[in-house]
Amino acid sequence: QASTCRPAPERAAQAGMGRTPHQVRGSPEMRLPMSPVPSSAPMSPRRPDVPLLPRGRGTGPSKPRTWFGYLPLWSECVPLDAVSGKLDYAGVAANIGAGMVIGMREALGGIVSASLVFSTAGDPEVSSMFPFGIGLMWYSTSMGALWYAMFGRMQYCYGTAQDVIGILQAVIIGRIAFDLRSMGHPERIPSTVVAVICMSSLLTGLCSFAMGKLGLGKFALLFPSPVTNGFLGAIGFVILRSSLETSSGVKFQYFYPVDMDDFADMSSMAQVALQVATVAFIRMGPGLFRLCCGRHPSVDKMSGVLCQLMPLIVFHAYIAAAGISMDSLTKIGWVYPREKAGGMLHHWTAYRLSDVDVPMTLSALPDMPALVLMAILCTTTGALTVSERFSRGPPGDPSPMEALDYDKELTTVGVSSVLLGMSGGTLTFHTFTSIQLRLDGGTHRVSVFAVALFVFGAFASGFPFGHWIPKWYLSGLFMNTAFHFLKTALLSYKTLPPAYFMGYPGVSGQYIITLSCVLTSVFASPASAIFVGVVLSISLFLVQSAGASPVINVVKGSMVVSRTKRPYWELQTLRREGHRILLLYLQGHLFFGSARSLVAVLTAAIADEQVQYCILSFARVSRVDPSAARHLKSMQEKAALSGCKLICCRTNHRVFNALVAADVIEAPDTDLVQHLRGFRWIAKPESETNHSDAGPQAVQRQYSPPPNKLISWEPNPQKIDEPDAFAHETDALDYCDEEIVQHFCYEGIARERLKPYQLEFRQACQQHSRLSEAAFEQMNNMRPGLMSDIREYCTVHEDIRKWDKVPESRGALLFILRGSISLVHMLEKVEQENVESEARGFSFREGKRLRRRYPPGHVCGKVAFCLECRGQASIDNLSVVRPVVSSKYGTSAEIWVLQFSSWERMPEPLRAELTKMLAEQLADDAQHAIIQEH
């Protein structure tokens, strides 16, 4: 009953009891300062040593790093039982089996790569090195796989010698062999060829290592997913074509056999038929095993390996039963000739270092950049493709969701290539066959060790594996991988959003890029497919960026005001005349493609003759290229002719320099210049703080020389009073609002309607003078003499210097009679370094945010005071909101501080009058918060 008898403002304020500032559009709601009410224990501030974000969720072992790679963990090496932690023998067998099958493929692939390098040079001396070349490829592949198995990040990945680099090496070798033969030194050709191959490996390794240490590996992420899918499809097509060439023995032009008669020969068609049958059995066999044997973990792990080995076992059983010799199969082209690699000892004794032609070897250096760049590109692209194929790491990976560190991949592969180059090998990098290894069940490092062991056994023994593996079987393994790669690329449209044409759904433009990469590989190399994909991706990006609007939002000045609190008569003027101000929020990278949209929006914005100020916020703009800056300058000149001023705000260093260079910004505000030159707010240490009641406290603004000059701008004295760029939207709005208020509220007929206390308030703001107590009372609808009555309960600070914190302000009411107070929110920084984006936009006074600025005639700290009355901790206190004397209204301030302890000593009538005043001010604050710039 007592509450219903209170005045209306008091009841309205009491209705907001218990509500937080975020429940009414950010307005500071009030709890009436009456007698304390028992409540639960107040919230305690967050401990400063506790990070805002957790440093990691995983509790398992982490990957130990070295200066060039990683060290393996036991859980990565072999499959372990999830319950007992013991060896999973079925998983180990499946991993070793998958590794042996892939090792056999790599051993046979080494023969193909050696043939590509040494048989295509067109020189008899180079062609005679073919057996040595087989050993070279086997040694490099085994050591590359072993190195990555020990120090690589992905436990199922490995590196091999690649055909793409082999093609480039063959071109260089052919030229050197021709030059040496022309000079009459054909005997130097073999040793010089080996030296060139080792030099290419050494240079590639050094460059790869340097790029990894310089942090350039992350640029692999610039490859769009459609290009990666297209490159995978291009590799799949090349493998498919090579598999048909291997099984049929006929060369292909694009996708057609060069000699159709030879391709249609019975022997050729029989091998192609067996190749297709092998692929069908490999892909359908595991399902048949599960259908016959039931679903069991061992069946799932072993069925894939058995289905790959079964065709080879059946073939050898058949020829043994039929009495067919391998030599007869060699004659008809079903298996490779009995070419031996020469063994491990032969690899390092076949050629002498003294026979190397050093000048001719050095003459190959101009040809190396293309080879080195292609190798590094293939390394990053291979790592990206292999890692993106699977959404998470395999079992045993301590951090299965960790993003791949491409810099570390470059250093790991780089050191491997350096060691291979120094020991007589060729360069290696990630192979796409790693994807097939994991799909076949090779999920742990033991499978990669099996690959390395198998290939090294072939190298050490010189055993002619190609003589015992039929070409159709090898081609079937290649074709199976090709089908998988092509399937991933051709079905990638399912993961892309559809594009609509005339209301009908169609394939995405990104999918067209993937198809273009695959189609390019039909007529050109995979490297050309990557180039085409990147060009199309950039073109599509430019088209889409040009179609997107660079303006994210447009707000009229009648709907948004600055964070400076204004009295009701000024706020009414802004609501009535604020349409003369437009605030445009820009976004993205403003470049030549988006200039047309930007010009169209600005033209429409200044078309209204009443618009006098157009504020452009660059807070979400990372860069402005010269074309966009030139268009902005042109629009600025057109706007000036129509009486509109273009104002910029929240520009970062790059944007500021671009706009200054184009003369869009000629007179920036002092705060913006100081911020961009590196000046910061610095908190004064506690040991240096003045703790006396009358003295200033804690926060002072100090300047220190910047480490380097970040902006290129010199002040123009002629335009210092007409700033055209500000540090923040609220500063730009302050400037424009002040011009509107001055003209439409304090000049002409409007000035005659103002009361004396309103004119005195204006004088106090402009001349930084003291507002009389009588004017303060009239502004806040208080009875005359009330300020004199409460003065004896307040601590009066008559000269608090600018940038100082108001003493004894926690949980107190602050009556402002001269100067102004800024409520500065001290933000806590996130402690994880990788959370912050590298490509940042504007950041103003890091760790601090202006909540609101209160000029003379206002009371600050109302919410915290009301909560203090109830014994409840204020959210503002928990989040560290400091009242600091602002420099916008003079160099000092007069503040009356009313503590809660003094409030309790007040007589009840005086407290009731202050309660009514606080309720009205809180309502006024809530009204201002609705249209305040955030």
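I began with helix 8 (residues 225–248) and helix 19 (residues 471–490), which pack at an angle of about 160° with their axes 8 Å apart. Axes here are lines fitted to C-alpha atoms, for helices over the stretch in contact, and angles run from 0 to 180 degrees between N-to-C directions. Helices (H or I, at least four residues) and strands (E, at least two) are DSSP runs, numbered from the N terminus.

The model is predicted: local features need pLDDT of at least 70, side-chain atom pairs count only at pLDDT 80 or more, and totals for chains, interfaces and linings use all residues. Residues are numbered from 1 along each chain as its sequence is written, and side-chain values use heavy atoms, with hydrogens and water left out.

**Helix 8 with helix 19**

I noted that helix 8 and helix 19 are therefore roughly antiparallel to each other (angles over 145 degrees count as such). Helix 8 passes helix 19 in a left-handed crossing, meaning that the near helix is turned anticlockwise from the far one by less than a right angle. I then listed the contacts (heavy atoms within 4.5 Å): among the residues of helix 8 are N229, L232, G233 and F237, and helix 19 contributes residues including K471, W472, F478 and M479. By class, this contact of helix 8 with helix 19 has 14 nonpolar, 9 polar and 1 charged residues. Ala, Val, Leu, Ile, Met, Phe, Trp, Tyr, Cys and Pro count as nonpolar, Asp, Glu, Lys and Arg as charged, and the others, Gly among them, as polar.

**Helix 7 with helix 16**

I next examined helix 7 (residues 189–213) and helix 16 (residues 406–422), which pack at about 155° with axes 7 Å apart. Helix 7 is therefore roughly antiparallel to helix 16. The crossing of helix 7 past helix 16 is left-handed. Among the residues that meet are C198, L202 and K213 in helix 7 and D407, L410 and M422 in helix 16. The contact of helix 7 with helix 16 divides into 10 nonpolar, 8 polar and 2 charged residues.

**Loop between strands 14 and 15**

I looked up W803, in the loop between strand 14 (795–801) and strand 15 (813–818). W803 has a positive phi of about 70° although it is not a glycine. W803 counts as buried at 17% relative accessibility (buried is under 20% relative accessible area, exposed over 50%, partly exposed in between, with a 1.4 Å probe and protein chains only). E808 lies in the loop between strand 14 and strand 15 and has a positive phi of about 55°, although not a glycine. E808 is partly exposed at 27%.

**Whole protein**

I recorded 35 helices and 20 strands. Of the 934 residues, 52% count as buried.

Terms used
Angles under 35 degrees count as roughly parallel, over 145 as roughly antiparallel, 65 to 115 as roughly perpendicular and the rest as oblique.
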